[in-house]
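Me: I have a model open and want to learn how to read it. Can we take it feature by feature?

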Amino acid sequence: MRKTTLDTVRNLGILAHVDAGKTTLTERVLFATGATHKRGEVHDGTTVTDFDPQERDRGITIFAAAVSCTWDSHRVNLIDTPGHVDFSAEVERSLRVLDGAVAVFDGVAGVEPQSESVWRQADRHGLPRIAFVNKLDRAGADFDKAVESIRTRLDTVPLVVQLPIGAEDGFRGVVDLVRLRALTWDDELRVGPVPEELLPEVRRRRRLLEETVAELLPDVVEEFFETGLSESTLTSALRELTRDGLGTVVLAGSAYRNRGVEPLLDAVIAYLPSPVDVPAVRGVDGEERRPDPDAPFSALAFKVTTTATGRLTFVRVYSGTLHKGQTVLVAGRAERVGRILRVQADRHTPVDHAVAGDIVAVVGLKSARTGTTLCDPAAPLSLEPPVSAEPVVSVAVEARTTADHARLAEALKHLVDEDPSLRVATDPETGQTVLSGMGELHLEVAVRKASLDHRVEITMGRPRVAYRETVATGVTGFVHRHVKQDGGQGQFAHVVLDTEPLEDGFEFRSTVTGGRVPQEFVRAVEQGCRDALAEGPLGHPVTGLRVTLTDGSTHVKDSSEMAFRTAGRLGLREALKAGAMTLLEPIAEVTVTVPEEYVGGVLGDLASRRGRIAGSEVRSGTTVVTASVPLAEMFGYVTRLRSRTQGRGTFTSRPTGYAAA
């Protein structure tokens with residue numbers, strides 16, 4: 001009974017480029033399965049999964065939302081993922097715990113940049129997928145052209161199992177090429193025979209589908225040549241090809257008009273794997289756990305969020321059974337599970353237990369973070385956490401009022417807990433609090449979320465670049481006397497300094513002879529010079545400097561280490577003012593990867609940012625450009641690059657040092 005239950009579970013995600021229709025499709029799935037009784041609309045802000053105020057304001061999915069529904073006696077756990085490139089980390093965390101996915105493509109645009117990116121993410125996780133070509137009712141929609149873009153752009157073999165009936169405004173249904181029947185929609189689904197005028201094309205496409213399957217699966221070649229593939233053989237072959245990643249079943253429809261949703265659900269059940277069909281989860285030490293409810297408990301936290309009802313930890317249970325009130329090991333600490341909730345976006349239903357294959361939310365865990373393993377204390381296990389990409393954009397944030405400082409710190413802590421792709425740091429030189437993330441929209445959304453959730457007013461700005469200064473022309477024999485007499489013991493120190501440029505860092509040396517400056521005072525002069533490096537004549541820290549103490553003198557009573565330290569500090573400041581200084585700015589080595597057709601625009605943009613091109617290299621259809629660019633010119637670059645390359649360009653950067661500004 002338990003094995004049968006696991007066989008009837010599907011954990012899948014909806015993946016696509018922004019505005020391809022993921023959320024609308026999710027709404028239609030919930031309506032078709034009876035999970036909701038009214039179709040939600042993105043443009044009305046009435047969808048189940050886009051429940052956050054920012055999602056409804058912007059009309060896009062920002063946060064991955066989990067829902068559950070039932071179809072044909074199977075439980076479908078579904079995660080609607082974001083399509084915007086700034087939220088690719090949210091997609092990555094979801095893919096880590098899923099068994100399969102439905103990739104949605106716009107029938108007009110075909111494969112778009114972000115749909116290509118999320119497809120590659122799914123490739124890395126080895127997720128079986130089926131494709132749904134959406135919006136076939138729109139002007140300019142072309143099913144065959146969309147299928148061809150899947151073939152050429154995604155390096156997969158499309159297994160087309162449907163033929164659209166009608167086009168654009170006249171799209172009214174599909175022909176099922178596996179069961180050879182027509183499915184049409186008016187107000188509801190109608191099943192009938194294939195229209196007479198479509199029979200020749202249907203026979204041709206069915207034969208083409210069988211040929212493609214026979215080429216990929218040698219086991220069915222004999223049946224193909226003798227009698228052609230039967231419905232049952234074709235169905236099992238499509239299931240095997242999908243689950244082994246050798247091909248992608250392609251379906252057609254229009255989610256907005258509620259056409260094609262039921263056969264898509266049938267395909268999810270028929271072709272995508274259940275938890276028992278995927279390989280056993282493996283811990284970092286190599287230990288495997290099968291999806292067995294009687295095995296030791298193990299689960300992975302893939303999302304943490306704070307709600308009005310408390311802190312929710314979303315987990316995928318990989319093995320064993322989790323009961324309400326059970327004690328589990330979380331990041332090395334034993335914690336008690338308060339409640340277990342079946343999730344329907346922002347609505348939750350309490351349950352007593354969760355078994356292997358379930359995706360649920362848990363209340364009561366204080367130590368859990370995204371990527372944390374939960375396990376039975378008697379059988380410890382550590383699972384590989386989702387990969388978190390390095391942030392590429394940073395902004396300075398500060399509380400608008402002094403009273404909000406403490407709340408800002410708390411708000412930023414919650415942000416990082418919930419979204420590990422965000423980083424918070426304090427710039428040691430500027431003192432700014434810097435928030436880093438995957439893009440400017442990502443940061444804008446995060447700051448607004450913190451403001452709304454914690455009722456704190458936050459201002460955003462660009463972080464200041466940490467400049468340096470260095471000596472262009474030094475001085476020789478600069479004399480400084482520090483004399484102070486104001487009652488009691490006075491202070492006296494006399495030093496003679498030379499300054500000269502150094503390639504990097506700071507160096508101090510002494511050439512004083514005859515004991516004119518005792519050794520303990522020489523060390524004090526060096527310390528004073530280091531104190532002076534904190535701020536040079538131009539107002540920035542000093543680097544690339546060599547100082548030589550060439551002479552000096554002492555007073556028998558008034559000389560002390562304090563006096564010589566002060567003389568070193570003030571003397572070097574005056575010596576630097578007497579010479580010539582150069583402002584230095586930080587330089588980043590930038591590596592940009594773009595399709596060949598965008599190289600010219602990218603090179604021109606780098607040149608406009610004072611970038612120096614170091615080289616370029618062509619790698620399998622893409623060009624990798626390397627350049628040195630001032631860091632001050634890199635703010636906003638990620639957005640410019642994406643707009644110039646239609647979201648297909650990526651870049652990495654690393655600091656390489658300083659150069660004259």
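Me: Where does D358 lie?
Reply: This is a predicted model, where local features need pLDDT of at least 70, side-chain atom pairs count only at pLDDT 80 or more, and totals for chains, interfaces and linings use all residues. Residues are numbered from 1 along each chain as its sequence is written, and side-chain values use heavy atoms, with hydrogens and water left out. D358 sits in the loop between strand 21 (353–355) and strand 22 (359–363). Helices (H or I, at least four residues) and strands (E, at least two) are DSSP runs, numbered from the N terminus.

Me: Is D358 buried or exposed?
Reply: Buried means under 20% relative accessible area, exposed over 50%, partly exposed in between (1.4 Å probe, protein chains only). D358 has 3% relative accessibility, so D358 counts as buried.

Me: Which residues does D358 touch?
Reply: Contact means heavy atoms within 4.5 Å. Leaving out residues up to four places away in sequence, D358 touches R75, N77, V315, R316, V317 and R342.

Me: How do I describe two packed helices?
Reply: Use the angle between their axes and the distance between the axes. Axes are lines fitted to C-alpha atoms, for helices over the stretch in contact; angles run from 0 to 180 degrees between N-to-C directions. Here helix 2 (residues 22–32) and helix 10 (residues 261–271) pack at about 85 degrees, axes 10 Å apart.

Me: Which residues meet there?
Reply: From helix 2, L25, R28, V29 and A32; from helix 10, V261, L264 and L265.

Me: How many residues of helix 4 are buried?
Reply: In helix 4 (residues 88–95), 8 of 8 are buried. Among them are E90, E92 and R93.
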